[in-house]
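Student: Could we go through this model together, starting with how the chain is divided and ending with its strands?

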Amino acid sequence: MKNSNIVELFQPAHTLIGNGSIGEIPRFMGSVGVKRALVVTDEGLVKLGTVKLVTDVLDNNNVPYVVYDKVEPNPSVRIVNEAYKAYKDSGADFLVAIGGGSPIDVAKAVSVLATNGGDIRDYEGVAKSQKPGAPIVAINTTAGTGSEVTRAYVVTDEEKKIKMVMVDNNCMAYLAIDDPSLMVGMPPALTAATGMDALTHAVEAFLSNAHTPFSDGAAIEAIRLVSKSLKRATHFGRDIQARTDMCWAEYLAGLAFSNSGLGLVHAIAHQLGGFYHTPHGVANAILLPFVMEYNAPYRTKRVARIGQAWFDAETEGVSDDESAKLAIEKIRTLSREIGIPYLCDTPFDMKDIPILAENALKDACAANNYVTATKQDIEDILMNAYVAGVVEKVKSAIEEENK
Ligand SMILES: [Fe+2]
């Protein structure tokens with residue numbers, strides 16, 4: 001029986017953060033005794049030359065490997081099976097995942113299958129596998145998802161048309177890498193969206209009903225780093241310091257939410273992704289200030305601390321109420337400055353609000369929101385986000401006309 005006084009923390013066995021980290025891969029993998037890699041990635045990263053930066057390191061250190069580059073966004077059971085076949089056929093004994101969430105998620109699935117066998121559908125849910133998976137080097141190429149940090153992965157069952165969520169200690173990366181040199185070529189819109197995903201992870205972890213001192217420390221520093229550097233990383237992508245700050249922010253935010261859960265922003269954003277394919281980070285960024293406003297009356301001190309953590313925020317002598325308002329306003333301003341669209345600029349349709357709210361209530365992330373939301377609460381959040389966007393657009397059109 002689990003002792004409820006004891007908190008178990010989850011994190012990768014090893015982590016490297018910083019420019020040139022990928023050069024250290026052979027040193028770590030040599031000590032585990034693995035010999036041959038399956039590189040799991042997508043065609044876009046091959047074309048960009050990102051994969052070659054990593055395979056050059058393997059080549060220079062005589063580490064044999066085979067590349068599987070057919071990972072697609074929202075990876076399916078078919079993709080997992082294909083990658084698993086490539087793993088077995090190649091005689092690989094470890095995985096090198098290069099990408100955002102999708103390639104890393106596929107590598108986690110292959111890792112579990114490699115040592116536990118069976119079908120990936122067998123592992124839906126919490127802690128369903130028995131044995132530690134094959135070692136994974138998880139190389140993150142976007143500063144957002146946190147997949148290199150977490151013990152969760154998502155696979156789409158295309159027959160049942162559902163997303164299966166697996167939470168499993170056995171799929172944790174052996175070596176997680178956040179190397180800013182792989183991120184300098186990320187376009188501004190992707191930098192903005194993934195950075196706001198990281199910010200949302202941190203804010204939701206900090207406001208979660210399952211937060212701990214560990215997740216609090218990681219989350220609040222992640223928030224400070226996003227506030228300091230996301231705008232610069234978006235507009236000056238080659239600024240290695242801004243990219244490094246975002247690597248730290250992303251990693252800390254991933255650690256925080258992996259250990260505390262998320263909240264209503266993700267619960268609703270998942271529905272916008274499912275219905276309209278709204279990019280995950282964009283959906284989070286749009287909803288974040290509105291969910292914070294919803295939570296603030298019940299979590300005033302915590303939302304205020306977010307305001308106090310914000311870079312350059314003058315909060316000395318400011319009340320908690322004011323500091324909480326400042327936090328929400330700073331996040332809204334950042335979204336505008338980095339080009340996050342309004343909800344009314346996305347394919348969102350108001351007539352879907354009831355079904356979106358109903359599904360959001362059932363989403364696993366809703367359970368960690370401090371306030372237990374009703375369907376009406378979620379409908380109101382969506383309506384507020386929609387109307388606020390329309391009002392802002394009208395205001396800017398009038399301002400433009402009066403110039
Ligand atoms: Fe997220």
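Tutor: Happy to! Domain bounds here come from an automatic or database domain assignment. The model is predicted, so to speak of local features a pLDDT of at least 70 is needed, side-chain atom pairs count only at pLDDT 80 or more, and totals for chains, interfaces and linings use all residues. Residues are numbered from 1 along each chain as its sequence is written, and side-chain values use heavy atoms, leaving out hydrogens and water.

Student: Into which domains is the chain divided?

Tutor: The assignment gives two stretches of the chain. They are domain 1 (14–182) and domain 2 (188–401).

Student: How far apart do the C-alpha centres of domain 1 and domain 2 lie, and how many residues does each give to the contact?

Tutor: The C-alpha centres are 28 Å apart. Counting contact as heavy atoms within 4.5 Å, domain 1 gives 18 residues and domain 2 gives 18 residues.

Student: What area is buried between domain 1 and domain 2?

Tutor: Buried area is the accessible area (1.4 Å probe) that two parts lose on being put together, summed over both. Carbon and sulfur atoms give 67% of it here. The total is about 1400 Å².

Student: How many salt bridges does the rule find across the interface of domain 1 and domain 2?

Tutor: The rule asks for a side-chain nitrogen of Lys or Arg within 4 Å of a carboxyl oxygen of Asp or Glu. Across this interface of domain 1 and domain 2, the number found is zero.

Student: Which elements give two or more residues to the side of domain 1 that touches domain 2?

Tutor: Strands (E, at least two residues) are DSSP runs, numbered from the N terminus. Those giving two or more residues to this side of domain 1 are β1 (14–17) and β9 (175–178).

Student: In which sense do β7 and β8 pair, and which residue of β8 is the bridge partner of Tyr153?

Tutor: Two strands pair if DSSP finds at least two bridges between them. Strands β7 (residues 152–157) and β8 (residues 162–167) have six bridges, in the antiparallel sense. The partner of Tyr153 in β8 is Met166.

How values were computed
Helices (H or I, at least four residues) and strands (E, at least two) are DSSP runs, numbered from the N terminus.
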